[in-house]
Amino acid sequence: MTIPTRTLGTNGPRVSALGLGCMGMSALYGDADRTESIATIHAALEAGVTLLDTGDFYAMGHNELLISEALRTAPAARREQALTSVKFGALRGPDGGWFGYDGRPAAVKNFAAYSLQRLGVDHIDVYRIARVDADVPIEETVGAIAELVEQGYVRHIGLSEVGADTIRRAAATAPIADVQLEYALITRGIEDRILPVTRELGISVTAYGVLSRGLISGHFTTDRQLGASDFRAHSPRFQGENLQHNLTLVEQLRKLAEQKGVSVAQLAIAWVLSRGEDIVPLVGARTRERLTESLGALDVVLDAADLAAIEATVPADSAVGDRYPSAMMAHLDSEH
């Protein structure tokens, strides 16, 4: 398979049309197998995936160390093609607790120093604060990353979970390559205000949650038992009647997928791919089997009739339940 490429922003790097979100290999989705995780990263690189997305706070550095090991043990040619996208800023305790975000310039440079060491690289390709620090102007945070760009430690500046006004302010401070936002068939709030602004400014979107944390993967069932460490055990969309309603949407989507001869996950990922060349979906595959399925979405062609049928089956705002628990929603700056 030859994976097509897309560009992050007007002057950003050329990346594979699908990126690999590595968070689930370390945190928030229950136990993961380290050996299989590394094998999955290797398989992604071998298939032509270039963009690896992580956060320094994913299991308190575990995810960065995992990626480092995967890169160190990959063939040189594959290692050299890999591009790292890193989120920073979340404050966590030894018990895994969350204490907000730190976007002060000194903190930005401190976080970057530790990420460079854990990843075993001399630069980070796209660097971004995970959530806006309400106590620090975004201009100061972005300005600190811009200094890291000047020093060669960072190649491109990104943003994450920000609204249209914040994007404009950040872009007026320094060139922004990319904004990372949740975007999926059942999570479409960015379409109203955010996408028009990113497109006006020549900024791309890396879309995470394209399968809504497995909810619209076609593999999630009502009888699935979620451990206490699994984010979904506390997510409103996965609770009680909300889950029943949302999985009904998935079953309707499955009928369309079967007509196309593809899986539900492939149809959902293909839909995100169809939204524009400026959108790069991140798939959260934790195993080679799921990775292979996700990559199959690149072969799915959706024509106008297909897109209309999908829209009729799963219209915007058809899902029920917020995408995060209320305490986490309070930290979001974006309008979706």
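Author: Let's start with a rule: two strands pair if DSSP finds at least two bridges between them. Helices (H or I, at least four residues) and strands (E, at least two) are DSSP runs, numbered from the N terminus. This is a predicted model, where local features need pLDDT of at least 70, side-chain atom pairs count only at pLDDT 80 or more, and totals for chains, interfaces and linings use all residues.

Reader: Thanks! Which residue in strand 10 is the bridge partner of glycine 158?

Author: In general, strands of a sheet pair through backbone hydrogen bonds, either parallel or antiparallel. Here, strand 9 (residues 154–160) pairs with strand 10 in the parallel sense over 4 bridges. Aspartate 178 is the partner of glycine 158.

Reader: What does the closed barrel look like, strand by strand?

Author: Its 8 strands run 3-4-5-8-9-10-11-12, with parallel pairing. From one strand to the next, the twist averages 30°.

Reader: How many aromatic pairs does the structure hold?

Author: A pair of aromatic rings is described by the distance of the centres and the angle of the planes. Rings of Phe, Tyr and Trp (its six-membered ring) pair if their centres lie within 6.5 Å; planes under 30 degrees apart count as stacked, over 60 as edge-to-face and the rest as tilted. The structure has 5 such pairs. One of them joins phenylalanine 88 and phenylalanine 111, tilted at 40° between the planes and 5.9 Å centre to centre. This pair links distant parts of the chain, 23 residues apart: phenylalanine 88 is in strand 5 (residues 83–88) and phenylalanine 111 in helix 4 (residues 105–119).

Reader: Is phenylalanine 88 buried or exposed?

Author: Buried means under 20% relative accessible area, exposed over 50%, partly exposed in between (1.4 Å probe, protein chains only). Phenylalanine 88 has 0%, so it is buried; phenylalanine 111 is buried too, with 14%.

Reader: Why does the pair of tyrosine 183 and tryptophan 271 count as tilted?

Author: Their ring planes stand at 50°, with centres 5.5 Å apart, so the pair is tilted. Tyrosine 183 lies in the loop between strand 10 (176–182) and helix 7 (194–201), and tryptophan 271 in helix 9 (residues 264–273), 88 residues apart. Both tyrosine 183 and tryptophan 271 are buried.

How values were computed:
Residues are numbered from 1 along each chain as its sequence is written. Side-chain values use heavy atoms; hydrogens and water are left out. Axes are lines fitted to C-alpha atoms, for helices over the stretch in contact, and angles run from 0 to 180 degrees between N-to-C directions.
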